[in-house]
Amino acid sequence: MENVIILGTGCAGLTAAIYAARANLEPLVLEGSQPGGQLTTTSEVENFPGWPEGIDGFTLMDKLRQQATRFGARTDYARISSVHFCEDKKVLTAEDGKTFEAKSVIIATGASPRLLDIPGEKEMFGGKGVTTCATCDGAFYRDMEVIVVGGGDSACEEALFLTHFCSKIHLLHRRDELRASSIMGDRVKAHEKIQIHWDTIPLEVLAGEDGLMRGARIKNVKSGEESELAAKGFFLAIGHIPNTEPFAKELDTDHNGYFIPCAGSQVRTKVPGVFVAGDCADHVFRQAITAAGMGCQAAMEAERWLAEHE
Ligand code: NAP
C-alpha cells in the first residue's frame, strides 16, 4: 500500500509531490488526461513569484515536475473513475480497471473548460473551429478573423495571445463590463485588433460547405437583435468545471461541484487521510500560486496525519 497517492500534476499536485517527497513519503503521483494541468495551455505566466520576466506555463510545470522527481516522487498514468475511502485504506479504481491502494490521498484534479452547449459547438470542436485553448490552436488561424467568448482574465489573455496570429478578434461578452482584472481589461480595450461586442452571446456555431466553421449567430441580449458574425475560429474562455465527479459520493461538494473542506481547514476533508488542493477545491482564487500553496498544505497535513496514525 502506498503512503500517499496524489491525483493530478498541475500546480497543486506537483507542489504536494515536492513536499511529500521531501518528507520521504515516496508519493505516487497519478497523471490524468492533461499532464501539467491548465498552466500548460497558458502562454505567459506573469504573476508566479520568482519569475520577474514571466515564464511560459509549460516550462514552469516541467520545472515543478523535475523538482518533484528529484526528491523521489513517482508518476503513473491513470484516470481514476471511482474511489472507496476508509480510515485505514483508500482504494482508487482507474477507468481501465486497475486499482491503487494508499493510506492517504491528495486530490488535486483541477478543473476542465466549461462549454456553452449551443448548436454547432460539439460538431465544430477539435480542428473545425471550436476550441478551448488559444495557446494550442491559435497558430492555425493565422490572418483569419476569430471569436473569443468570455469576459474574464482567460478570455482577455486568449484574445491578446491571438493578436499575434489573427487579423481580427471579436470578443463576445454577455455583460457590459469585463470580469477580468483591470490590467488585462485595459490591454484588451486598447488593442486595435480586438473588437469587444458588449452584451452579446453566441446562439449557434455555423458550418460552411467545407464542413469547417464559417461564423456564429449572435444575439445582443439588451436589444434582442440577432446577427451573423463571420469567423473561422471560436475560442471558448467561459470558466471551468471542477473535476470532482468520481469522488462526489465519498466527499462533500457544493452546488457547483467544488470540494467543501472541513471547517477550519482549506485542505482537510471529512474522510481522515483524504485531502484536497487546487482548483477542484477553490472557486475563489483559482491562481497557480494559491493552488501551489494548497498543495503544500495538503502534503504537510498528510505527513502529520500519517505520523499520528502509524
Ligand atoms: P472567470 O473569471 O470565471 O470568467 C468567466 C467569464 O465567462 C466571465 O466573464 C463570465 O461572464 C463568462 N461566462 C461564464 N459562463 C458563460 C456563459 N454560459 N455564456 C457566456 N459567458 C459566460 O473564468 P476565467 O477567466 O477562466 O478565470 C478563472 C480564474 O483564473 C480567475 O480567478 C482569473 O483571475 C484567473 N486567471 C488569471 C490569469 C492571469 O492572471 N494572467 C489568466 C487567466 C485566468 P460574467 O462576467 O458575466 O460572469
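In what order do the strands of the open sheet of 5 strands run? The order is β10-β17-β11-β12-β13, and the pairing is parallel. Two strands are said to pair if DSSP finds at least two bridges between them.

Before I continue, a word on the basis of this talk. Residues are numbered from 1 along each chain as its sequence is written, and side-chain values use heavy atoms, with hydrogens and water left out. This is a predicted model, in which local features need pLDDT of at least 70 and side-chain atom pairs count only at pLDDT 80 or more, while totals for chains, interfaces and linings use all residues.

I turn now to the protein as a whole. Its secondary structure comes to 6 helices and 19 strands; these are DSSP runs, with helices being H or I of at least four residues and strands E of at least two, numbered from the N terminus. The radius of gyration is 21 Å, close to the 19 Å that the globule rule gives for 310 residues, so the protein is as compact as a globular protein of that length. That radius is taken over C-alpha atoms, and the rule is 2.2 Å times the number of residues to the power 0.38. Along the principal axes, the C-alpha atoms fill a box of roughly 65 × 40 × 35 Å.

Of the 310 residues, 48% count as buried. Buried means under 20% relative accessible area, exposed over 50%, and partly exposed in between, with a 1.4 Å probe and protein chains only. Among contacts (heavy atoms within 4.5 Å) between residues at least 6 apart in sequence, 59% join residues at least 24 apart.

Finally, two loop residues deserve mention. Where is N24 placed? N24 lies in the loop between α1 (11-22) and β2 (28-31). Its phi is positive, about 60°, although N24 is not a glycine, and at 66% relative accessibility it counts as exposed.
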